[in-house]
Amino acid sequence: MRVLVLSGYGINCEDETLHAFEVVGFKGNIVHINDLIENPKKLDNYQVFAIPGGFSYGDDTGSGNAMAKKIMINLYDQILKFVSKDKLTIGICNGCQILVNLGLVPGIHSKDPEIAMIENTSGIYQCRWINVKVNNKKSPWLKNISKLNLPVAHQEGQFMIPTKILKMIKDNNLIGLQYINDKNQLANGEFPFNPNGSIEDIAALTSKNGNVLALMPHPERAFYHHHIPYWQNNPAKKYADGYKIFFNAKKYFE
């Protein structure tokens, strides 16, 4: 099992993301976007394509937009070929925004972007721990998981979805994760449980077959139990909830 973790121009979570995959059993490489453009067929040697979080190109033209354009111009056919196979793709935070801008999620009927990521309703950067429930348990990334406690760190995390596309997303069960409150009920847009005001409390979307996961929370930052704020309550525990997503990828290929 091999994972390619993308890097370059402001992506800054590549080391943590690769580490999470390696701990669960993957071998992998961090590959700069320019190196992948120079040799696109390199992607064929991997089973997982991961786009980590960060601030690609400083988010100067909108979060994930410039990197998505670079990928669209130089690598789009290769990535479409990759996601059409029995392989897995994940985009975390800025990676989620890139996948949205590429149109790979929800990817219902068009290769063009069908939705957008816009500024949080608070108007400011949000960095906090949140709870999400798993909605699409058919996705290989999310199987056998019901709830996750993960951190978010973004300023443009609000999913903006046209009514027609939202209906298709719900009809096809493409909502991967939804923000919930401290009573394990949907946040219904209430801050801070929903940190960005995202419609339907959406924290993640999947592709039709679930092999592509685009999520705003950071599972690699909640990988070890000592990452979480209240780790002292159970200091002997080794892993936190983010571990489950990476372990699911391992189980999928087993």
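Trainee: Which elements do the buried residues of H7 pack against?

Mentor: This is a predicted model. In it, the buried residues of H7 pack against H1, S4, strand S7 (147-154) and strand S11 (212-215). Helix H7 covers residues 242-253, and its buried residues are Gly242, Tyr243, Ile245, Phe246, Asn248, Ala249 and Lys250.

Trainee: Which aromatic cluster includes Tyr243 and Phe246?

Mentor: The cluster is formed by Phe21, Phe26, Trp141, Phe223, Tyr224, Tyr239, Tyr243, Phe246, Phe247, Tyr252 and Phe253.

Trainee: How many aromatic pairs does the structure hold?

Mentor: The structure holds 15 aromatic pairs.

Trainee: Why is the pair of phenylalanine 49 and phenylalanine 82 called edge-to-face?

Mentor: A pair of aromatic rings is described by the distance of the centres and the angle of the planes. The centres of phenylalanine 49 and phenylalanine 82 are 6.2 Å apart, which is within the limit of 6.5 Å. Their planes stand at 75°, and an angle over 60 degrees counts as edge-to-face, so the name applies. The pair also links distant parts of the chain, 33 residues apart: phenylalanine 49 lies in strand S3 (residues 48-51) and phenylalanine 82 in helix H4 (residues 76-83).

Trainee: Why do phenylalanine 49 and phenylalanine 82 count as buried?

Mentor: A residue is called buried under 20% relative accessible area. Phenylalanine 49 has 2% relative accessibility and therefore counts as buried. Phenylalanine 82, at 3%, likewise counts as buried.

Trainee: What makes the pair of tyrosine 239 and tyrosine 243 stacked?

Mentor: Their planes are at 15°, and an angle under 30 degrees counts as stacked, so the pair takes that name. The centres of the two rings are 3.9 Å apart. Tyrosine 239 has a relative accessible area of 22%, so this residue is partly exposed.

Trainee: How do you know that the charged end of arginine 2 sits over the ring of tyrosine 46?

Mentor: The charged end of arginine 2 is 4.4 Å from the centre of the ring of tyrosine 46. The distance must be within 6 Å, and the direction within 35 degrees of the ring normal. Arginine 2 is described as sitting over that ring.

Trainee: Why are the buried residues of H3 said to line one face of the helix?

Mentor: In helix H3 (residues 65-74), the buried residues are Asn65, Met67, Ala68 and Ile71. Seen down the axis of H3, they fall within an arc of 160°, so they line one face. An α-helix has 3.6 residues a turn, so residues three or four places apart point the same way. The cover over the buried residues of H3 includes strand S1 (2-7), helix H2 (33-38), H4 and helix H5 (94-102).

Trainee: What makes strand S9 largely enclosed by the rest of the structure?

Mentor: Six of the six residues of strand S9 (residues 175-180) are buried, so the strand is described in that way. Strand S6 (residues 126-134) is joined to S9 by four bridges, and the two run antiparallel. There, lysine 133 stands opposite glutamine 178. S9 also pairs with strand S10 (residues 202-206) in the antiparallel sense, over three bridges. Isoleucine 175 has leucine 205 as its bridge partner in S10.

Trainee: How do S1 and S2 run, parallel or antiparallel?

Mentor: S1 and strand S2 (residues 27-32) run parallel and are joined by six bridges. Valine 3 stands opposite glycine 28 in S2. The chain crosses from S1 through helix H1 (residues 14-24) to S2, in a β-α-β crossover that is right-handed.

Terms used
Residues are numbered from 1 along each chain as its sequence is written. This is a predicted model: local features need pLDDT of at least 70, side-chain atom pairs count only at pLDDT 80 or more; totals for chains, interfaces and linings use all residues. Side-chain values use heavy atoms; hydrogens and water are left out. Rings of Phe, Tyr and Trp (its six-membered ring) pair if their centres lie within 6.5 Å; planes under 30 degrees apart count as stacked, over 60 as edge-to-face and the rest as tilted. Buried means under 20% relative accessible area, exposed over 50%, partly exposed in between (1.4 Å probe, protein chains only). The arc is that of the directions from the helix axis to the C-beta atoms. Contact means heavy atoms within 4.5 Å. Two strands pair if DSSP finds at least two bridges between them. A crossover is right-handed if, with the strands pointing away from the viewer, the path from the first strand over the helix to the second runs clockwise.
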